[in-house]
Amino acid sequence: MPTSLRDRVERYLNDAFLDSEIPSRLSEAMRYSLLAGGKRIRPVLCLAFAAACAPGREEETVEAALPFAAGLEMIHTYSLIHDDLPAMDDDDLRRGKPTCHRAFDEATAILAGDALLTDAFAHMASAKVPAAALLEAVRLTAEASGAAGMAGGQMLDLEGEGRKLTLEELNVLNAKKTGALLRNACECGAVLAGADAARRDAARRYGADLGIAFQITDDILDVVGDEAVVGKEVRHDAEAEKATWPSLIGLEAARKEALRYCASAESALDGLFSGPEADFLRATARKLATRTF
């Protein structure tokens with residue numbers, strides 16, 4: 001099943017935002033960014049944990065959780081559109097294509113991001129899971145996306161430009177900006193499947209560690225990566241004087257930290273998860289660990 005999760009998410013997203021009630025230019029901009037590619041790691045992690053927490057009923061659990069998982073990708077895409085804006089990171093390239101505000105215009109990009117964030121919750125609310133579980137997952141997602149989560153992390157990122165952060169400050173920034181939605185995706189998969197407290201906590205710890213590792217490797221790739229492979233502008237962090245792991249502790253130390261966090265994410269699964277979904281989750285951590293080597 002894990003190998004098919006991304007395809008299921010992709011099919012769901014391909015059918016989204018085709019409603020004739022949506023102004024055509026807005027729909028075009030939303031779908032331009034939403035369907036531009038990407039690893040779909042957040043919805044896939046959500047579905048993988050949902051399946052891993054529902055032994056014997058994996059298929060029906062994944063199908064029920066699919067609209068929720070797709071909503072997470074909509075929120076992630078909104079954050080990328082807004083992050084790329086001139087007032088934020090002022091990027092021209094995303095996933096190998098012109099950023100939304102370059103392909104359309106700044107006002108349209110802002111509205112596309114606004115609409116993706118708002119409509120995401122409508123899609124998530126349509127998940128066919130028990131109401132209490134759905135309400136809890138929606139609450140968690142709103143918190144992870146909002147002022148104390150991803151949006152707050154973006155603010156800390158802007159405030160960190162041009163000054164040297166401590167390692168503790170960088171950890172807090174990353175845990176909010178990148179880690180919050182990844183951690184949330186994992187925990188929500190467990191919540192939607194009706195997991196017990198131990199599995200829910202393990203999913204959360206896995207997502208938290210993977211989120212930090214993901215940001216570390218992203219920072220490293222900005223230094224050593226190839227723009228054609230990475231799919232976005234590289235060497236941008238140094239130009240913007242952003243606080244990053246390589247700038248704070250050096251490339252090799254940053255690589256070691258990424259390995260440490262990936263190993264910690266994998267260990268969170270021990271004794272609680274087994275089967276193909278757990279194997280996939282462990283392989284995801286291992287693959288991320290070698291992303292910059």
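The exercises concern the predicted model shown above.

**Exercise 1.** Determine how helix 4 and helix 6 are oriented relative to each other, and describe their contact.

*Solution.* 
Step 1. Two packed helices are described by the angle between their axes and the distance between the axes.
Step 2. For helix 4 (residues 58-83) and helix 6 (residues 106-125), the angle is about 165° and the axes are 8 Å apart.
Step 3. Angles over 145 degrees count as roughly antiparallel. Helix 4 and helix 6 are therefore roughly antiparallel to each other.
Step 4. The crossing of helix 4 past helix 6 is left-handed. Helix 4 contributes residues including Phe-68, Gly-71, Leu-72, Ile-75 and Tyr-78 to the contact, and helix 6 contributes residues including Ile-110, Gly-113, Asp-114, Leu-117 and Phe-121.
Step 5. Sorted by class, this contact of helix 4 with helix 6 holds 15 nonpolar, 5 polar and 1 charged residues.

**Exercise 2.** Carry out the analysis for helix 4 and helix 7, giving the orientation and the class of the contact residues.

*Solution.* 
Step 1. The axes of helix 4 and helix 7 (residues 131-145) come within 12 Å and cross at roughly 10°.
Step 2. Angles under 35 degrees count as roughly parallel, and helix 4 and helix 7 are therefore roughly parallel to each other.
Step 3. On helix 4 the contact uses Phe-68, Leu-72 and Ile-75; on helix 7 it uses Leu-134, Ala-137, Val-138, Thr-141 and Ser-145.
Step 4. The contact of helix 4 with helix 7 has 6 nonpolar, 2 polar and no charged residues.
Step 5. An α-helix has 3.6 residues a turn, so residues three or four places apart point the same way.

**Exercise 3.** Which residues have the most contacts inside the largest nonpolar core?

*Solution.* 
Step 1. The largest nonpolar core has 85 residues. Helix 4 supplies the largest share of this core, with 12 residues.
Step 2. Phe-68 and Tyr-206 have the most contacts inside the core.
Step 3. Not counting residues up to four places away in sequence, Tyr-206 touches residues including Leu-45, Phe-49, Cys-186, Leu-269 and Leu-281.
Step 4. In soluble globular proteins, nonpolar side chains tend to be buried together.

**Exercise 4.** Is Gln-215 buried or exposed, and is Pro-23 buried or exposed?

*Solution.* 
Step 1. Buried means under 20% relative accessible area, and exposed means over 50%.
Step 2. Gln-215 lies in helix 11; at 8% relative accessibility, Gln-215 is buried. Gln-215 touches Asn-174 and Thr-178, not counting residues up to four places away in sequence.
Step 3. Pro-23 is in the loop between helix 1 (2-14) and helix 2 (24-34). With 52% relative accessibility, Pro-23 counts as exposed.

**Exercise 5.** Identify residues with a positive phi and locate them.

*Solution.* 
Step 1. Most residues other than glycine have a negative phi.
Step 2. Phe-17, which is not a glycine, has a positive phi of about 65°. Phe-17 sits in the loop between helix 1 and helix 2, and at 7% relative accessibility it counts as buried.
Step 3. Arg-95 is likewise not a glycine, and its phi is positive, near 55°. Arg-95 is placed in the loop between strand 1 (93-94) and strand 2 (97-98).
Step 4. Gly-162, which follows helix 8, has a positive phi near 85°.

How values were computed
Residues numbered from 1 in each chain as written. Predicted model: local features only at pLDDT ≥ 70, side-chain atom pairs only at ≥ 80, totals over all residues. Heavy atoms only, no water. Core = buried A, V, L, I, M, F, W, Y, C linked by side-chain atoms within 4.5 Å. Buried < 20%, exposed > 50% of the residue type's maximum accessible area, 1.4 Å probe, protein only. Helix = DSSP H or I, 4+ residues; strand = E, 2+ residues; numbered from the N terminus. Contact = heavy atoms within 4.5 Å. Axes fitted to C-alpha atoms, helices over the stretch in contact; angles between N-to-C directions. Parallel < 35°, antiparallel > 145°, perpendicular 65-115°, else oblique. Nonpolar A, V, L, I, M, F, W, Y, C, P; charged D, E, K, R; others polar. Left-handed = near helix turned anticlockwise from the far one by under 90°.
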